[in-house]
Each structure stands twice: as structure tokens, then as C-alpha cells.
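Subject: Structure for your review

Hello,

Here is the structure I said I would pass on. My notes on what turned up in it follow below.

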Amino acid sequence: MNNFFSKFFNLKNDQRGKAPRASVQNMASPDDGSTVVKDELDRKIDMLLSLLVEYYGSDKLVIKAGKMEALQLIRSPIKGERVLALQKIMYDNPTLTAVPEEKEIPQLLDQLIEKMSDLLARRSLEADLEQKIADRLEENHQDYVQDIRRQILKEEKKGYETPMEQQKREKLEELEKVKLTQSVMELLRPDCLEDIVGQERAVASLLAKLSSPYPQHLILYGPPGVGKTTAARLVLEASKERPLSPFRQDAPFVETDGTTLRWDPRDLTNPLLGSVHDPIYQGARRDLADTGIPEPKPGLVTDAHGGILFIDEIGEMDVMLQNKLLKVLEDKRAFFESAYYDPTDDKVPPYIRKLFEEGAPADFVLIGATTRDSSSINPALRSRCAEIYFEPLTPQHIEEIVQRAARRLSATLGEGVARLISEYTIEGRKAINILADAYSLALERSQQPTKAESDDEAEAGAADSDKAAESTDTASGVVIERADIYKVAQVSRLSPYVTKKASDRCEVGHIFGLGVAGFLGSVIEIEAVAFEAHEKGKGTVRFNETAGSMAKDSVFNAASVVRMVTGKDIHDYDLHINVVGGGNIDGPSAGTAILTAIISAITGQPIRQDTAVTGEISLQGRVRPVGGVFEKAYGAKQAGISRLIIPSENTKDIPKHHLGLEIFPVSTAQEALDLLLAKEE
């Protein structure tokens with residue numbers, strides 16, 4: 001190669017006009033083989049030819065010259081023909097036919113020398129690239145050898161890790177050392193069944209069904225924040241101690257959320273039931289992928305084997321996934337399918353063969369919790385589960401929860417603080433959040449020293465350790481005042497949950513009805529006013545436009561009963577009936593309340609304001625049964641109602657003296673009126 005480039009540099013020097021080296025090139029003539037002394041042009045032509053021989057190689061050059069029809073021209077004694085041959089070969093153009101004249105040869109040789117320079121530059125660049133590629137291949141080969149070596153070391157020596165892996169592990173260990181504190185919800189979460197307030201009947205039923213030798217699948221209904229999840233977790237721990245319980249001490253409690261259980265209809269992924277990772281697209285283990293063996297991935301139903309699978313918000317779970325869960329509940333196994341599985345393949349590991357042929361074990365108890373009604377649950381799934389309803393919390397329950405939480409925080413509650421919190425929420429979780437926010441405000445207030453205290457500390461120069469001890473003592477003596485609760489309510493934009501309050505006085509044309517939405521009952525204020533019509537028999541009746549059609553029908557039913565009971569015709573009056581707050585009520589359960597408000601407005605008899613009523617009114621003046629009586633009782637209690645009037649046919653739906661309410665079953669409108677209208681003194 002060095003000799004090759006030295007020839008080229010000599011040729012370039014000659015081109016630039018430098019003194020040529022004394023050299024004689026002998027070349028056999030095609031005719032007589034005589035030796036002649038070449039002039040300068042002959043020497044350049046022969047030098048170019050020599051460079052081409054070394055560039056292409058003699059064999060390849062002969063082949064190329066033959067293709068370019070230049071083989072005879074190269075051997076010609078005529079300078080022009082040999083220059084033409086060089087042009088054909090170097091420009092790769094066989095169509096050149098014009099033999100250059102003597103005077104054109106020097107310029108053409110200069111052009112050919114430049115062309116040769118380009119060819120040599122390309123050869124040099126290609127050589128550099130080939131060298132770099134060879135170096136990179138060698139480097140990658142060495143890395144691959146190192147990877148194989150490390151893999152062998154890992155297989156032969158347990159716990160072996162590379163410097164990079166060691167660095168990542170040490171970083172994780174450093175992160176583990178950094179801890180702030182436990183969350184307030186974790187601190188105040190009930191740790192025994194006795195700490196679950198207001199759910200005694202639901203907890204007792206839950207414990208009985210799980211402690212049986214034949215535990216049942218369960219669905220828990222109830223409003224949010226009443227302890228459904230906590231109760232399920234604690235009941236499992238309590239069941240483990242019962243002698244007849246099938247749960248072992250290591251029985252798992254696997255918790256998930258129905259709103260997050262996303263699955264692929266093609267069964268490529270299913271965190272609940274499990275799926276199969278095919279070796280092509282889903283990255284099965286390398287040793288399995290190399291042999292084309294699919295890899296089953298058991299889901300949460302297998303993780304919960306021998307224990308409880310708790311699905312929160314099960315009503316939000318996909319209906320198709322609920323149907324798939326039914327199959328697992330019946331078989332107590334989760335089965336896998338894959339087009340890649342070949343039962344005749346001897347390379348399939350035994351555990352994969354077992355999973356495909358026998359399925360993964362999934363013998364567990366399902367507990368689903370939902371804040372929606374039963375219509376959101378697949379009927380087939382419901383039929384396989386016992387249903388337990390958790391009850392809404394009363395203000396007294398909220399007060400008890402707040403007081404227990406305050407004791408755990410070592411905080412003192414000011415006068416009326418617990419009752420004030422109970423006015424802002426009916427959820428135990430929300431009540432604890434309000435208390436925690438108020439605790440932070442009270443703690444911040446107690447740690448702010450007065451000016452005199454600041455001066456004393458500056459003069460004394462107390463040590464940091466003393467300050468820390470003082471801070472701890474202050475934290476343990478925090479007093480939460482009503483002002484702290486009001487600040488939390490303002491910042492969080494909270495408003496009192498119940499604005500309708502019962503009273504001991506009586507009012508004309510004003511009554512408390514009852515409604516229910518989901519699992520929460522509420523009080524509905526209904527008022528009526530009546531004026532004598534300007535023309536007898538042509539009075540008008542006006543009712544809320546936002547009310548539903550069934551509620552409007554209750555007004556017309558009540559109009560007929562008014563005439564039956566009082567002998568008065570409502571068409572003799574301009575009557576206006578209003579649901580306070582413009583509630584969009586529907587359903588017939590407000591019929592008795594509307595009837596009483598109309599009669600009170602027409603006759604002027606006042607209505608007791610410590611009593612609420614629910615019941616449909618019929619044209620014959622009968623009080624018909626309605627739904628949601630149990631939940632409506634909680635709404636009445638929340639508003640401070642002490643007396644509750646219900647249809648007699650709903651008596652079985654609610655315990656006597658439920659929530660401390662005085663409950664009166666009635667069958668006719670007259671019985672209800674006797675209880676609602678105040679007696680004349």
C-alpha cells in the first residue's frame with residue numbers, strides 16, 4: 001500500500017512541474033517486443049496504468065478493460081489510444097471512441113490524475129470506515145462475551161451483581177432510610193372491630209358469614225366512608241381465631257378496586273383472572289421465548305387462594321369481567337388458553353403444562369363493596385353472594401368517631417367541636433379529615449410564642465434539644481376549638497350537610513317529608529299556601545315545575561282526599577305548593593305530606609315540626625307503602641326529627657325505636673292527620 005501511494009505522489013509531483021525522477025520504463029511492444037525510451041507523457045500514461053493495476057488488481061483490471069472494450073487500446077503503442085483506454089476504464093464509459101490528439105493529451109492526463117486522486121480518496125475513506133466497523137464489531141463481541149460471563153457467574157454464584165446493579169441497590173437502600181411519618185388516615189384507622197362505629201349489625205352479620213365452616217361470598221352496600229373495607233379486613237383477622245373458621249393464619253387479604261381492573265377482550269392482559277404472555281409479542285421469559293412456549297401469568301384470584309379477594313367499587317367493574325369472574329367462582333380454578341401451547345412438546349416445563357391442563361387454584365371468598373345500588377351488579381353474581389347493607393352514620397356516630405380520633409391524636413376537643421364536625425359530613429373518613437386539618441391549625445397556633453415568651457427564650461438561649469422536648473409536650477396538649485373547624489370549612493369550601501332542622505313549634509302549611517337517594521335519606525321541606533279564589537270554583541293549583549310526574553299526580557290525589565276529609569273543594573282556593581329548594585322530586589311517597597300541607601293551608605291548622613312523614617296517598621284516603629323507609633329514618637334523625645310516621649305495611653322494614661325515633665305506623669290519611677296536626681288547646 002505504501003508503494004502504491006508513493007507512485008501516486010511521484011505522479012502528482014510531475015504534474016506540478018517538479019523535476020521528474022530519472023526512470024526508464026520498459027514495455028513490450030505488441031508488434032516486435034523492442035524496448036524504447038519513453039518520453040514524459042509515456043511515463044505518466046504508464047504510471048497511471050500501473051496505479052490502476054494496483055488499485056483494481058491485474059485480474060480485475062483485465063476483466064474491466066474487456067468490458068469497456070479497452071483491452072487492445074491499452075497495448076497500443078499510440079499515446080492517444082492508450083489515453084482513450086484509460087478514459088474508458090477510469091470513467092467507466094465504453095461509449096468513448098474519439099482518440100485524443102497529441103496536443104490534447106497533457107490536459108487529459110491532468111484530468112485523469114485528478115480522477116485517480118478521487119478514487120484514492122474514496123479508497124482511503126472506505127478503508128477508515130471498514131477499520132471502524134471492525135473495531136466496533138470487536139468491541140460488541142467483547143461486550144457480548146462479558147455478558148455471557150456475567151450470566152454464568154450469576155447462575156453459579158447466588159447474589160452476584162454487577163457494579164451498576166450494586167449502585168442501583170444501594171440507592172434504593174438509601175431511599176428506604178428516608179421516612180417522614182405515617183398518614184393521619186393510617187394512624188386513625190380502626191384496628192379492632194369495636195372501633196367501627198355505627199355498624200354493629202353489619203359487622204355481626206359479616207363475622208357470622210365468614211366464621212362459618214362454609215363461608216359465603218358477600219356484597220357490601222352502603223354510602224362511602226362508613227368502614228366497609230376496614231370491616232372486611234378486620235373480620236378476616238377475627239375469623240382466623242374462630243375454631244370453625246376455614247381460614248388459616250396465613251390466609252391472604254387481596255384488595256383491589258373495580259374501577260382500575262382494566263382488561264383486554266382478547267385476554268392479552270387480565271390482572272384479575274390472569275393471562276398468557278405469548279413468546280412473540282408479550283415478552284415471555286427468554287428461555288421460553290426461544291423455544292416458542294407461552295408463559296401463563298396467574299391473576300389476583302390465584303393470589304387470594306385460601307383467603308379473601310376484596311373488590312372495592314365492584315359495581316364499577318366491567319360487566320363482561322363480572323361474567324368471567326362467575327366462572328372462577330364456580331370452578332374455584334382459573335384456566336388458561338393459548339394458540340401457542342403445544343401439549344405434545346417435550347420442552348414445555350412441567351409447571352406450565354400443569355397450569356394449562358389443570359388451571360391455577362382460585363379457592364377464595366369474594367367480598368365486593370359498592371356505593372351504588374344493586375342494579376349495578378350482575379344478577380348472576382348477586383345470586384351467588386349474600387348481601388349486607390352498611391348503614392349511614394348519624395350525627396351521634398360522627399361525634400363518637402371524632403372523639404375517638406382526638407384521643408388517638410392526644411388532642412383535646414373544645415366545647416361543641418365534635419357536634420360542629422357532625423354538621424358538615426355524614427362520612428367517618430371525611431370527619432377524620434376535618435379533624436386532622438383542624439389539629440394542624442391548632443398545633444400551629446400552640447407553637448407560636450407570644451412576644452414575652454420570645455424575649456425570654458432569647459435571653460435564656462435554650463438548647464435545640466430543649467426546644468424539641470417543649471415542642472413535643474405542646475403537641476400532646478393541643479386544644480382544637482370551634483374556630484379551627486370554621487377555618488377548615490372556609491378553606492375547604494364546606495357547607496353544613498343538613499340545613500333543615502326540626503323544632504318544637506308548629507307552623508301552618510309547612511311539613512317535613514322524606515326522600516332517599518342511593519343509601520342516604522334526606523328531609524324534604526314542603527310548604528303550601530291557600531287563598532280564597534276571586535270566583536268560587538275557579539281557583540288554581542300551582543306546583544314545582546321541576547317535580548316529576550308522579551309527584552304531580554300526588555297533588556291531584558291529595559286534592560280528592562281533601563274534599564273527602566274536610567268537605568272543602570280546593571278549586572275554591574288559589575293554592576300554591578312548593579318544595580323548598582326546588583328539589584327535583586319524583587315518586588308517590590310525598591303524597592301524605594302534600595295532603596297534610598294542603599289541609600293545613602286551607603283550614604289554618606298548624607303542623608308539628610318535630611315530625612316527618614312518608615307514604616303514598618290513595619284516592620280512598622289510604623296510606624300506601626313506599627320504599628327506602630330504613631334510609632329515610634336516617635335522614636329524619638340527621639335533621640333532628642324525633643317522630644316518624646310511616647305506612648303500617650312498612651312496619652316490618654324498620655325496627656321499633658330505630659335510632660331513638662318514635663315511629664307511628666298509619667293506615668289512613670285521617671290517622672296521619674291526627675298525629676301531624678297540632679291539637680287545639
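Lys 44 counts as buried, at 9% relative accessibility, in this predicted model. The side chain of Lys 44 meets that of Glu 40 in a salt bridge, 3.9 Å from N to O. Glu 40 is partly exposed at 44% relative accessibility.

The structure holds 28 salt bridges. Asp 484 and Arg 445 meet at 2.7 Å, N to O. Asp 484 is buried, with a relative accessible area of 2%, whereas Arg 445 is partly exposed at 38%.

Asp 363 bridges to Lys 332, with the closest N and O atoms 3.8 Å apart. Asp 363 is partly exposed at 35% relative accessibility, and Lys 332 is partly exposed at 44%. There is also a network of salt bridges that links Asp 191, Asp 195, Glu 400, Arg 404 and Arg 408.

On the aromatic side, a search of the whole structure finds five pairs. One of them is Tyr 55 with Tyr 56, edge-to-face, with 4.9 Å between centres and 85° between planes. Tyr 55 is buried at 11% relative accessible area, and Tyr 56 is partly exposed at 24%. The pair of Tyr 341 and Phe 356 is stacked, because the ring centres are 4.3 Å apart and the planes are at 15°. Tyr 341 is in the loop between strand 6 (333-334) and helix 14 (350-358), and Phe 356 is in helix 14, 15 residues apart. Tyr 341 is buried at 16% relative accessibility, as is Phe 356 at 10%.

Tyr 55 has a further contact: the charged end of Arg 123 sits over its ring, 4.2 Å from the centre.

Leu 125, Leu 129, Ile 133 and Leu 137 make a nonpolar surface patch of about 410 Å². Leu 125 is in helix 6 (residues 105-156).

Seven strands form an open, mixed sheet in the order 15-16-14-13-18-21-22. Strand 15 (541-542) and strand 22 (662-666) each have a single partner strand, so one side of each has no neighbour in the sheet. Strand 21 (residues 643-647) runs parallel to strand 22, joined by five bridges, and Arg 643 stands opposite Glu 662.

Regards

Definitions and conventions: Residues numbered from 1 in each chain as written. Predicted model: local features only at pLDDT ≥ 70, side-chain atom pairs only at ≥ 80, totals over all residues. Heavy atoms only, no water. Patch = residues over 30% accessible without salt bridge, like charges linked within 9 Å, V, L, I, M, F, W, Y side chains within 5 Å. Areas by Shrake-Rupley, 256 points an atom, 1.4 Å probe, with all protein chains shown as cover. Salt bridge = Lys/Arg side-chain N within 4 Å of Asp/Glu carboxyl O. Helix = DSSP H or I, 4+ residues; strand = E, 2+ residues; numbered from the N terminus. Phe/Tyr/Trp six-rings, centres within 6.5 Å; stacked < 30°, edge-to-face > 60°. Buried < 20%, exposed > 50% of the residue type's maximum accessible area, 1.4 Å probe, protein only. Lys NZ or Arg CZ within 6 Å of the ring centre and 35° of its normal. Pairing = 2+ DSSP bridges.
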